[in-house]
Amino acid sequence: MWFRRDLRLSDNPALRQALDEGEVLPLFVLDPVLWGPAGPSRRAYLAASLRDLDAQLGDLGAALQVVRGKPVNRVVQAAKAVGAERVHVAADYGPYGHQRDLDVEEALGGADIELVRTGSPYAVAPDRIKNGSGKPYKVYTPFSRAWFDHGWRDPVDAPTKAATKGSWLTLDDGTTDIPDPRLPAGLDLPEAGEAAARRTLEEFLDKVEDYDRDRNLPGVQGTSRISVHLKYGELHPRTVLKAVSGKRSKGAETYRKEIAWRDFYADVLFQRPDSAREYYQPDFAKMDYDDPGEAFEAWQEGRTGFPIVDAGMRQLRATGWMHNRLRMITASFLVKDLHVEWQHGARHFLHWLVDGDLASNNHGWQWTAGSGTDASPFFRVFNPTGQGRKFDKDGEYVRTWVEELSDPDQVPDPHEPSDEVREAVGYPAMIVDHAEERREALDRYERIKK
Ligand SMILES: Cc1cc2nc3c(=O)[nH]c(=O)nc-3n(C[C@H](O)[C@H](O)[C@H](O)COP(=O)(O)OP(=O)(O)OC[C@H]3O[C@@H](n4cnc5c(N)ncnc54)[C@H](O)[C@@H]3O)c2cc1C
């Protein structure tokens, strides 16, 4: 069983399949191609999640076998070393993972070993949902309708110790310890592992009724915070959908639609792997953009002088997570107020986000930039101050993340502090004039439309 983005024992059909067939080697390959660019949050989280999986396997009398190197070599070596006839995986649909699996499949085939794909990290795997003419959807709403109609299987149980006694294999050599990367100062990540994922889900179920109302309020803990657990497969979306399946509230309905967004973007990226880096709507490549310079650095560091933007960027740096509303506000600010191409911002997000996922992140960016699927029209430019006032009415969120603005006595209006207040508390002046940059963005857009 080659674990990748499915670091759990419960509801893991590929693992069940492997165990049904006989003795199992639980394998994880530390692939330098993925580890290298992962960034501090994802590296540390992955290591913690692997330790949790190893501990859980330990309870079943097994140990996770970790090897380092190219999967195309290491998986074949490991499979041969234990005389495996099959290697079980959950299918990967990302541009790199999909090709990697084809290469591994071919290499295994040379040794008469079969690669068996069971399930995927999605409720409905990419390439399944098609429109009436057999084509993939390019727009979310009809996709989500077809997605609900298609449905998904029920979760499968975790293997038990009694049922798997004597089932586990180990490698004699070539294994390595699970790494223990240090977190940079000021970064604090959520707890990893399947039990933590379950707890997070359970806690959210108590408030799913309020999701429709609270999900846009960054100062309220109104979203489920399960993105990181889905990213590493500590929880499968099917388990999540099952948990909310009996709930008929508007909140539960909206929540299911959010899970559909994740599947939608995975499908879009599978159909258009180039859209991980290139404009989904190619016309946008012709637009005039500015090189990322000092303003980009101010954005990265949360020093733009726009409180809501800075709060979001500082939350990202401190926790490896950012509220969805803030992901949209900060992304819009970079593209439409600073005129920097979305790819620069997407890269910064992927460096720090603990839930950093190529499909959701890069298509979230393209959506905000106006160049993606189903895009919010380019001319709808977020006003950062207005967004702050609307979604963080009492300023709770800004005060939490922008320390200079935290004291209500010194800073009565955290969304628009006066010049005097800014100077007194050491908070920067606004790096751009939003109204002017909005006009500039629309002018640039008009030019590509012509
Ligand atoms: C610019 C930008 C970048 C983003 N980058 C990522 C990313 O790297 N990884 C990531 O998982 N999500 C990303 N998102 C989507 C969304 O912001 C996060 O999934 C969400 O904030 C995670 O918090 P939560 O689990 O509390 O979400 P909840 O509101 O509780 O939603 C539940 C789940 O639904 C899915 N979901 C919700 N909204 C979206 C969405 N717009 N697109 C895709 N899936 C969604 C997620 O899996 C999420 O965990 C991005 C959005 C934008 C606008």
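Visitor: Which residue forms a salt bridge with D11?
Guide: R238 does, with the closest N and O atoms 2.9 Å apart. A salt bridge here is a side-chain nitrogen of Lys or Arg within 4 Å of a carboxyl oxygen of Asp or Glu. The model is predicted: local features need pLDDT of at least 70, side-chain atom pairs count only at pLDDT 80 or more, and totals for chains, interfaces and linings use all residues. Residues are numbered from 1 along each chain as its sequence is written, and side-chain values use heavy atoms, with hydrogens and water left out.

Visitor: What domains is the chain divided into?
Guide: Domain 1 (2-121), domain 2 (194-270) and domain 3 (282-449); the bounds come from an automatic or database domain assignment.

Visitor: How many salt bridges does the rule find across the interface of domain 1 and domain 2?
Guide: One.

Visitor: And which helices supply the domain 1 side?
Guide: α3 (39-59) and α5 (95-110) each supply at least two residues of the side touching domain 2. Helices are DSSP runs (H or I, at least four residues), numbered from the N terminus. The largest share, six residues, comes from α3.

Visitor: How much area is buried between domain 1 and domain 2?
Guide: About 1600 Å², with carbon and sulfur atoms giving 44%. Buried area is the accessible area (1.4 Å probe) that two parts lose on being put together, summed over both.

Visitor: Which three residues of domain 1 supply more of that than any other three?
Guide: R5, R8 and Y45, with 34% of the area domain 1 buries against domain 2.
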